[in-house]
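Hello,

Here is the structure I promised to pass on.

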Amino acid sequence: MLRYFIKRLMFLVPVLLGVSVLIFSIVHLAPGDPAEVMLGPSATQEEISNLREQLGLTKPLYVQYGIFLTNTLKGDLGRSIKSNAPVVEEILDRFPATLTLAVLGMIFAIVVGLPLGILAALRQNTWVDALCSFFALVGFSIPNFWVGLMLMLLLSIYIPILPSSGFDSWRNFIMPTIVLGIQTMAVIARMTRSSMLEVIRQDYVRTARAKGISDRLVLVRHILGNVMIPVVTIAGLYFGNMLGGVVITETIFSIPGLGRLIVDAIRAQDYPVVQGGVLFFALCVGIVNLMVDLLYAALDPRIKAQYRAAR
Amino acid sequence: MKKFKAFAVITILALAFCLPASAAELRLAQVADVSSLDTQKVSDVYSANVIRQIYSNLVQVDENMEIVPDLAEGWDNPDDVTWVFHLRKGVKFHNGEPFTAADVKYTFERLLDPKTASPGATHLKEVESMEAVDDHTLKIVTKRPFAPMLMSLTRYETAILNQKAVEAAGADYGSKAAVGTGPFKFESWSRGDKVVLVRNDEYFGGPAGVEKLVYRGIPEDATRLVELESGGIDLIPGNFPYQEFANIEKDDRYETYRVPAMSTLYMGLNTEVKPFGDVRVRKAMNYAVDKQAIIDAVYFGLGAPARGPLSPVIWGFDPERKPSYPYDPNKARELLKEAGFADGFDMTIYSDNRTERRSAAELIQAYLAEVGIRAQIELMEWSALLSTSAKGIGGAFMLGWTGTGDADGGLTPVYHSANIGSSNRFRYKSETIDALIEKGMATLDLDARRKVYAEAQEACNEECPLVFMISQELVGASSKKVQGFKLYPNMISPVHKVTLSN
């Protein structure tokens, strides 16, 4: 198990290397440059070239990449062009908000999506099923910025019980959590329902029932464990998605997270922040995927057995 | 039960924390959070607004953009290139250090040091030498007579720093520390979210009307509005979404603010691209576009047709000026015919992605089509538009110009031929315009200087290497309890006189 874990961790290295090459080239090959954005339309050619020199943008690209890579390995992602603060500091400053939001969003998605799916499957082809499916479909289809604005209108203006933006208390997180989680919630609900329907018809469930075990116990002991496997896969995949999609939520609710940091940096052509931020995101998604794989093993004894056999 | 009690206590505490702020706290929302509070490292108006509350300058502008004393009580010019500033006595920085001429010298030297790589260094580039004559007298000598000096000294980039504070904070200056002599002291900055300032009771202009300022960055227009409506913020100082302004102006729960902006929107023409080298063609294009219609359609009526190259709130604007070229498609057709383009020609308009700019470009396209000019629109990233147009773009380009508040800053970068290749994006050389701009820069007598600029504006208008478009308007809004707020045309509004009523 540990060997497997280390092996998977090693796989992250080429992935991150690839991401670094990709993001470095995209950022540097895109038109425009940070010196011009910073100095604005009134800058003279001389001022622009001075600043380019200061920022180290006049060196050949491969040299710049080399410097970037060596510094990154040392844990130094450079300084933001816009704010002059160390990129690592900026990322660590912003990451807690994003992580909190993503975790809360995922909890919301699971806590609402899972029961919804189970309920729909247990009451298959009744109005309950239809309602749950409709709810899931709507949740998946409506764009989340719209949900955000509607919630804001409802809960901050018509019934003013929640603050519409900011980052001061737990109440600030309620609306963003819903907005961020709603799509994943819908996917989880659909996934749970179909997975349930499959498992319910399995021989071992019928056997358990035939033994006279109560419905509730069959559900908890024999069905749920098996239902969880595809659900965990989806949740893992969507967690990465959520980290990426957090930008919209952060923007609508003015939450100072990593997504907004990167988008602002892209606008200002703040190379170091874009590179560092994207690399950090890639690392997070990689780690989440790894954790999902490990979770499988915990949930499914068959997979654990495979690791053992491999040893 | 125990758990429930704990939960209840936590809930009540949490609720208590998010109760509306005390009356002495003014909460403002801008489009973005500050990027730094190091005056010499920033180039955005959002940082400038916060900087304005923390720091003082030698001189400042009032709400009419006239120069008023700040840290300098007075100044005189022994000759054309020498400026002697008499500094206020007994002023203290927020860290307790006394303010002296040495601080001014340090500040300006830091700004000019290439190592600082300040985007604002350009404002002092005419400075030859500086000398702290005594603790309260500073002498500045310029390389040549430089009349825009005072306006340069009102810029946020030239706000006065304290050497000890800057050196003590090192690279963290501007993010963890910011020390000035202004009405508010820096308290904290949570990056991407908000800056908190507290009142400086020893401010030489008298203590401010509120105890605390909270500047928040809220990028979404809709969110900013909802926050104002729900009472989460008190004031949106500028950058109020245009499309919502008409509604809020009618709503008596809010106070609204309108003021002409320093910025003008124009469509520049690269005069090296055919047929923009022909002044008749350029004039025809100016006559062909109905500016008022674009203001009404795109800017919700907030703005006025440009009256030449400068906005009416720029120092040196000639108040006698009429709107540049009235809408007259017949005259446009005549001029085109005269220039040999009776059947029109093909051209490209470059613009960035902003909805308003793009819509304006589309309307211009339609108006040009009326007189036979076939324009196509090409969209570019903002930074790409800036750099491509500086090097010479393949047609016309949508751009705005803000300048420094002085006629020199509104004309020299854009029209002087020395700036071809950078900010003179028309790539247009006129000896008349060059000479007038240089004369304006060197004339220290204010009345004579105004006259020179009146001529310069007329020359730019006549030779029109651009299509004059719109003098924009700034709009802001606040809740009714905000009293005494004035929106400044440069979008940098001091708030130390603002009070809050219940």
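Let me start with a helix pair in chain A: the axes of helix α5 (residues 87–122) and helix α6 (residues 127–141) come within 8 Å and cross at roughly 145 degrees. Axes here are lines fitted to C-alpha atoms, for helices over the stretch in contact, and angles run from 0 to 180 degrees between N-to-C directions. Helices (H or I, at least four residues) and strands (E, at least two) are DSSP runs, numbered from the N terminus. The crossing of α5(A) and α6(A) is left-handed, that is, the near helix is turned anticlockwise from the far one by less than a right angle. On the α5(A) side the contact is made by Leu116(A), Leu119(A) and Ala120(A), and on the α6(A) side by Val128(A), Asp129(A), Cys132(A), Ser133(A), Phe135(A) and Ala136(A). Contact is taken as C-beta atoms, placed from the backbone, within 7 Å. By class, this contact has seven nonpolar, one polar and one charged residues (Ala, Val, Leu, Ile, Met, Phe, Trp, Tyr, Cys and Pro count as nonpolar, Asp, Glu, Lys and Arg as charged, and the others, Gly among them, as polar).

A word on what you are looking at: this is a predicted model, in which local features need pLDDT of at least 70 and side-chain atom pairs count only at pLDDT 80 or more, while totals for chains, interfaces and linings use all residues. Residues are numbered from 1 along each chain as its sequence is written, and chains are lettered from A and ligands numbered from 1 in the order in which they are written.

Now for chain B, which has 15 helices and 19 strands. Its C-alpha trace spans about 85 × 65 × 35 Å along the principal axes. Of its 502 residues, 51% are buried (20 or more other C-beta atoms within 10 Å of the residue's own, C-beta atoms being placed from the backbone).

Ala361(B) counts as buried because 24 other C-beta atoms lie within 10 Å. Leaving out residues up to four places away in sequence, Ala361(B) touches Ile349(B), Ser351(B), Ile377(B) and Met398(B). Met398(B) is 37 residues away along the chain, yet the two C-alpha atoms are separated by 7.2 Å.

Finally, the contact between the chains takes 46 residues from chain A and 43 residues from chain B. On the chain A side, the largest share, five residues, comes from α3(A).

Best wishes

Terms used
Contact = placed C-beta atoms within 7 Å. Buried ≥ 20, exposed ≤ 12 C-beta atoms within 10 Å, placed from the backbone.
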